[in-house]
Amino acid sequence: MNLIRKDKLTSMPDPYLPATEFLASIDDDWRRHIAAIGPCLHQPHAARDPYESLVRAIAYQQLHAKAGDAIVGRLLALFPSATFPRPEQIIATAFEQMRSCGFSTSKIATIQGIAQAALDGVVPDYATAPAMEDEALIERLITLRGVGRWTVEMLLIYSLERPDILPADDFGVREGYRRLKGLEVQPSRKQMTEIGLAWSPFRTVASWYLWRVPGR
């Protein structure tokens, strides 16, 4: 029996159809939510290497999207001949120039640390990263100043297109689940991790849908 309307399924991108059908089969809450939202339109940025993804993630930390866009835009304007500044260019950029982009002192230190780590091989390049396990990559990169698990999980989801990532620390994921189930309070990170085991191996798509649960 189809758990989602046929017209919804026919337009879904093939890579996400098995995940969507699996999640819709879990219970009526998931089925209704997926039917209301429609196809999964997750859009990773696979062309970005881990270094660029980490720098962009730091730029957007604790900011609205428009503010992050403006800061990244000013950074890119410093290097008009490059698609994105290379690590050595970031390291060579004066503190005052980075500040003029809108970066805080702590973010400048973090971004320059990421750039140095990329040159040192701690941040893997795009050729190396796909061969690394999720947890191995997380454990390596969270050793960098200012880089937490959530930041690396965003890299895994959007740059490396990993299909089974659940950012259990993410407010939107936990709030989405609270709304989906009509709970009084959000689950904790530990609870969210345990609950999400039932969604494997499609936790990335589950996260995408949880980010889109409307308020009640």
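Student: What makes Q62 count as exposed in this predicted model?

Tutor: Its relative accessible area is 82%. The word "exposed" applies over 50%, so Q62 gets that label. As for its place, Q62 sits in the loop between α4 and α5 (65-77).

Student: Okay, and why is E161 called partly exposed?

Tutor: Check the number: the relative accessible area of E161 is 44%. Buried means under 20% and exposed means over 50%, so E161 falls in between and is partly exposed. You'll find E161 in the loop between α10 and α11 (171-181). Phi of E161 is also positive, near 55 degrees, and this residue is not a glycine.

Student: Why is T110 called buried?

Tutor: Its relative accessible area is 7%. The cut-off for buried is under 20%, so T110 qualifies. T110 belongs to helix α8 (residues 105-120).

Student: Which residues is T110 in contact with, leaving aside its neighbours within four places in sequence?

Tutor: Those are I58, R145, G146 and V147. A contact here means heavy atoms within 4.5 Å.

Student: What makes the peptide bond from S200 to P201 cis?

Tutor: Look at omega, which is near 10 degrees for that bond. Most peptide bonds are trans. P201 itself lies in the loop between α12 and α13 (203-210).

Student: Let's turn to pockets. How do you know which residues line the largest pocket?

Tutor: A lining residue has an atom within 4 Å of a pocket point. By that test, 25 residues line the largest pocket, and A57, Y60, W150, M154 and Y158 lie nearest its centre. Helices α4 (50-60) and α10 (149-158) are the elements that give two or more residues to this lining. The space in the largest pocket comes to about 770 Å³.

Student: Which domains does the lining of the second largest pocket draw on?

Tutor: At least three residues come from each of domain 1 (50-159) and domain 2 (165-211).

Conventions
Residues are numbered from 1 along each chain as its sequence is written. This is a predicted model: local features need pLDDT of at least 70, side-chain atom pairs count only at pLDDT 80 or more; totals for chains, interfaces and linings use all residues. Side-chain values use heavy atoms; hydrogens and water are left out. On a 1 Å grid over the protein atoms alone, a cavity is a set of points where a 1.4 Å probe fits but cannot get out, and a pocket is an open set with protein on both sides within 12 Å along at least five of seven lines; lining residues have an atom within 4 Å of a point. Grid points are joined across faces, edges and corners, and a volume is the space filled by probe spheres set on the points. Helices (H or I, at least four residues) and strands (E, at least two) are DSSP runs, numbered from the N terminus. Domain bounds come from an automatic or database domain assignment. Buried means under 20% relative accessible area, exposed over 50%, partly exposed in between (1.4 Å probe, protein chains only).
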